Amino acid sequence: MTLLHTLTALMPVASVLLFLVILRWPAMKAMSISLVITALMTTYIWHVPIIQISASILEGWIIAASILIIVFGALFLLNTLTQGGAITVIRAGFIGITPDRRIQLIIIAWLFGSFLEGASGFGTPAAICAPLLLALGFNPLAAVALALIADSSSVSFGAVGTPVLVGISKGLDSVTASQLQQISTTAISIDMFVGVLIPLMLVSILTRFWGQNKSYKEGLALWPFALFSGFAFLFPAWLVANILGPEFPSIIGGLVGLILVISAVKFNFLVPKTVWRFPQDQGQQAADNPNRIIAPNNTTLSLYMAWAPYVLVAVLLVLTRLNSLPFKALLAKVKIEFTDILGTDISNSISPLYLPGFIFVIVCVITFFLHSMTAKQALTALSTSAKTVIPTALTLATAVPLVRIFINSNIEGAALGSMPKELAATMAELFGQAWPMAASFVGALGAFISGSATFSNMMFADLQQATAQNLGIAEHFILALQILGSNAGNMICVVNVVAACSVVGLSGKEGAVIRLTLIPMIIYCSLVGIVATVWLSLL
């Protein structure tokens, strides 16, 4: 690539970092300008026809519509539970388990979020966990950033193994089930040394930026419990990956982890004696009875009834994602297809009933009756959600087309391939034998740009395989690093950040979120590279 080609390929990444992170512009303004610059440079320097760019923009709007369905569903669920009083009960219930905000964060973001990721993916964990943390009294910025950081290790096997079963499978010319199993077990084995640190990272960031003393030490003081929580998810996930394959590690790991960690809290196992609270709730006592609280509609809700919608969401997500049951095929059959957009080879589709947002809406309707809500409360929840989603729609209308132009920049007969492939190939040539240190960063780049670990794996699996062959390194090992890198990229991908911010009312603050999640992403990928390098040296 020439210097101009390199600058063009870097533009979608560089513009996001410049406008969002450094200049701190709102995403709507930053992504609009980035879209125009990228489209012009792609046309005149990468020589992609205008018709291809136009088709990519239209495809971006189709994908943005899918994301909006999920965001609206998450907002509708949050507002429904707020109007009906369930959030009040859930908040008191968590105080009944533990008033320690660090442990609350681990239970919700790390464990419940991992279970949701395993069941659904599609940005569901942040869309559910961020507003739940907000409802418990967490700062909105903390709720979003920490939910995104937590949604990392579980992404390897998110949506019932989709990043492996679809991402890696479609990214390679041919791969067997036994090879996928080997790639999966290698990835989770490496993550046993890295992902286990995520809970400790979460609580340290929490106490440093939102604690009264602004100290990492108050988070690090929880290290025995945090490491236990890391293993409580990862060890069951590792066992499942080795025994059953890539479909269920995150689902079962998250569920087992929840049981183990909540039990540990109940029995005071590794729980510190000093309770850590936010400055605004110092001295707050768990005097309320979490099992019986008066909701805003003057009816009583039990803790179990308040949690019922979340339990129902989890159950329905699992039931509609299993290939062995008929529900997945029935929901996915309803499809709106857009083929050969504007006469190009770009095609896409929406399966509205299969999206998690549809499940959220169904659960909201059930909750109206389950919680004896009034018609006014239901309409308030609906109208509030619809109004809130408008800024997100405008932002996604520029952010997602930018991504699609970047990815669809490979034109048959052109001298260069797609921009992401060319960037990754340049990195592979630059790092040479040190590739294990860089491989995960390529996976993170793919997830950052595309907004999907699955798409990152599809995009870069063949490049990772070819690089491993050229360097004489085991292919399954490098492909495992690709999977782990795509996990890390999930922390900072613009699409996820925009969606999560909208759910907690932080539209326009996307850059602040990325500034908080960028360093954990770099640390995660660096640790993956170090573990991989040491591992290979011992083989």
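Helices are DSSP runs of H or I with at least four residues, numbered from the N terminus, and in this predicted model one such run is helix H15, spanning residues 327-333, in which Leu330 lies.

**View 1. Leu330 in helix H15 of the predicted model.** Leu330, a residue of helix H15 (residues 327-333), has a relative accessibility of 52% and therefore counts as exposed, the cut-off being over 50%. Leu330 and Leu353 are separated by 23 residues in sequence, and their C-alpha atoms lie 9.0 Å apart in space.

**View 2. The contact of helix H5 with helix H13.** Helix H5 (residues 101-119) and helix H13 (residues 249-266) have axes that come within 7 Å and cross at roughly 160 degrees, which makes H5 roughly antiparallel to H13. The crossing in which H5 passes H13 is left-handed. From H5, the residues that take part are Ile103, Ile107, Leu111, Phe112, Ser114, Phe115, Gly118 and Ala119, and they meet Ser250, Ile251, Gly254, Leu255, Gly257, Leu258, Val261, Ile262 and Val265 of H13. Sorted by class, the residues of this contact of H5 with H13 comprise 12 nonpolar and 5 polar residues, with no charged residue among them.

**View 3. The contact of helix H19 with helix H20.** The axes of H19 and helix H20 (residues 453-471) lie 8 Å apart, and the two helices pack at an angle of about 155 degrees; H19 and H20 are therefore roughly antiparallel to each other. H19 passes H20 in a crossing that is right-handed. On the H19 side the contact involves Trp435, Ala439, Val442, Gly443, Leu445, Gly446, Ala447 and Ser450, while on the H20 side it involves Ala453, Phe455, Ser456, Met459, Phe460, Leu463, Gln464, Thr467 and Leu471. The contact of H19 with H20 is made up of 11 nonpolar and 6 polar residues, and no charged residue belongs to it.

**View 4. The contact of helix H19 with helix H23.** Helix H19 (residues 435-450) also meets helix H23 (residues 510-538), with axes that come within 7 Å and cross at roughly 145 degrees. H19 passes H23 in a right-handed crossing. H19 contributes Pro436, Met437, Ser440, Phe441 and Ala444, whereas H23 contributes Met521, Ile522, Cys525, Ser526, Val528, Gly529, Ile530, Ala532, Thr533 and Leu536. In the contact of H19 with H23, 11 residues are nonpolar, 4 are polar and none is charged.

**View 5. Aromatic pairs.** The structure holds 15 aromatic pairs, including the one formed by Phe76 and Phe368, whose ring centres are 6.0 Å apart and whose planes stand at 65 degrees, so that the pair is edge-to-face. Because Phe76 lies in helix H3 (residues 50-84) and Phe368 in helix H16 (residues 356-370), this pair ties together parts that are 292 residues apart in sequence. Phe76 is buried, with a relative accessible area of 5%, and Phe368, at 16% relative accessibility, likewise counts as buried. Trp276 and Phe278 form another edge-to-face pair, since their ring centres are 5.5 Å apart and their planes stand at 75 degrees. Trp276 has a relative accessibility of 7% and counts as buried, as does Phe278 at 2%. Elsewhere, ring pairs link Phe94, Phe112, Trp307 and Tyr310 into a cluster; of these residues, Phe112 also belongs to the H5 side of the contact with H13.

**View 6. Ala39 in helix H2.** Ala39 is placed in helix H2 (residues 27-44) and, at 16% relative accessibility, counts as buried. When residues up to four places away in sequence are left aside, Ala39 touches Ile53 and Ile405. Ala39 and Phe448 are 409 residues apart in sequence, and the distance between their C-alpha atoms is 19 Å.

View 7. Arg24 is exposed, with a relative accessible area of 57%. Asn268 counts as exposed at 56% relative accessibility.

Key. Residues are numbered from 1 along each chain as its sequence is written. This is a predicted model: local features need pLDDT of at least 70, side-chain atom pairs count only at pLDDT 80 or more; totals for chains, interfaces and linings use all residues. Side-chain values use heavy atoms; hydrogens and water are left out. Axes are lines fitted to C-alpha atoms, for helices over the stretch in contact, and angles run from 0 to 180 degrees between N-to-C directions. Angles under 35 degrees count as roughly parallel, over 145 as roughly antiparallel, 65 to 115 as roughly perpendicular and the rest as oblique. A crossing is left-handed if the near helix is turned anticlockwise from the far one by less than a right angle, and right-handed if clockwise. Contact means heavy atoms within 4.5 Å. Ala, Val, Leu, Ile, Met, Phe, Trp, Tyr, Cys and Pro count as nonpolar, Asp, Glu, Lys and Arg as charged, and the others, Gly among them, as polar. Rings of Phe, Tyr and Trp (its six-membered ring) pair if their centres lie within 6.5 Å; planes under 30 degrees apart count as stacked, over 60 as edge-to-face and the rest as tilted. Buried means under 20% relative accessible area, exposed over 50%, partly exposed in between (1.4 Å probe, protein chains only).
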